[in-house]
Amino acid sequence: MPFDDLGLQFTMRHGHGFGVIDNAATAIHVKRDGYVNYLEETRGEIREKFGPERERLYVGHWNASIFPNCSFLYGTNTFKIWHPRGPHEIEVWTYTMVPKNADTETKRSIQREAIRSFGTAGTLESDDGENMSSATYSNNGIITRKGRMNSSMGKDREGPHPVYPGIVGVSFIGETSYRGFYRFWQEMLDAPDWAAIRANDDTWDAMWTNRNFWPDRLSAKQAEPQD
Amino acid sequence: MTETRKPVGMELHHAIVSHYSAEVRMLQNQQYRKWFDTVIAEDIHYWMPVYEQRFSRDRRPDPTPGDAAIYNDDYAELQQRVDRLLTGQVWMEDPPSRIRYFVTNVEAFEIAPDEFEVFSNVLVHRNRRQSEVYVHTLGREDKLRKTDSGFKVFSRKLNIDARVVQDKNLYFFV
């Protein structure tokens, strides 16, 4: 797989998930000095409180979804709610997240950069929107509806992790989080009530059968000769 | 509000309207680099603020450049937007949108020697892909400077009338 060890991908019990690209939190922002400094000044505290594995996430860039209709990019710091507006219509509300304790100038520049990249006229958002609507349009076709979506990218290279909760994939390019999203969606559709969902709390991740992926990988890494 | 200032004379007014027509033709022909080099001043503030829709009794102050805005660009930032369109990797503009601009209600006032404040209405008709048609109306407030190489805009404020954006994106120049 390309991009192994440059990031991770996660999925959780209730369909939330994200991919993280290591050390890339502010990469999308052009004017980012204030934000870079803020992360450098605060990462030590994160490490102390939560450990190096969480510090790694803190300085990475995330593309994340809270099931089912809230998505955000941590690092770029855009935050979106997708409101259904009836059949075939959706209204998107976009917000910017800023660290509460950053100085005013840093907060302002994060807001400007987030909107410049992923706002209504954003340099990246404009292309992404085109992809999403085109994918929806072509997947409505009769031939496509007869087929099946392939969402198997990286499917054997993920499993329970000794440190992180949920299921963790080894590469930030992969579909671990998508599988987790649709898994929970299906569970919701099939469940008659909340009790039926709660009954799956201990077995929800049974579809990820490669249980020793992380223990094996981490011990193999430890056995490697150090430079 | 009654305008107490005196609009510019016929000849200047005509020159400004002609300038806008030439600008529109460059944008319609996707000559974004030429547009940027020809009409944009280096001290440009290119601004499309966000106006909230509020009840009359719940008025809010007008947006400032410190607030969240759809565009809030300086020269380098606007140039980056132009550069992006010319990378050959922009899916949203391949095939390109067919955009027509209709600029009306032009009113120009001299605010300093060779500097003008110009108000206009702009209708943008954007035809994309097979069947996408979007219409935007905007109020435009320009500050233009008359130079040896024609008019340059150094402040452009765009008030888009839609309070919920009726398009996939607003990545087009006005």
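A residue counts as buried if 20 or more other C-beta atoms lie within 10 Å of its own, as exposed if 12 or fewer do, and as partly exposed in between, with C-beta atoms placed from the backbone. This is a predicted model, in which local features need pLDDT of at least 70 and side-chain atom pairs count only at pLDDT 80 or more, while totals for chains, interfaces and linings use all residues. Residues are numbered from 1 along each chain as its sequence is written, and chains are lettered from A and ligands numbered from 1 in the order in which they are written.

Q: What share of the 174 residues of chain B counts as buried?
A: By that cut-off, 22% of the residues of chain B are buried.

Q: Why is chain B called as compact as a globular protein of its length?
A: The radius of gyration is taken over C-alpha atoms, and the globule rule is 2.2 Å times the number of residues to the power 0.38. For 174 residues the rule gives 16 Å, and chain B has 17 Å, which is close, so chain B is as compact as a globular protein of that length.

Q: How many residues does each chain bring to the contact, where two residues touch if their C-beta atoms, placed from the backbone, lie within 7 Å?
A: Chain A brings 18 residues and chain B 17 residues. Helix 4 of chain A gives the most to the side of chain A that touches chain B, with seven residues.

Terms used
Helix = DSSP H or I, 4+ residues; strand = E, 2+ residues; numbered from the N terminus.
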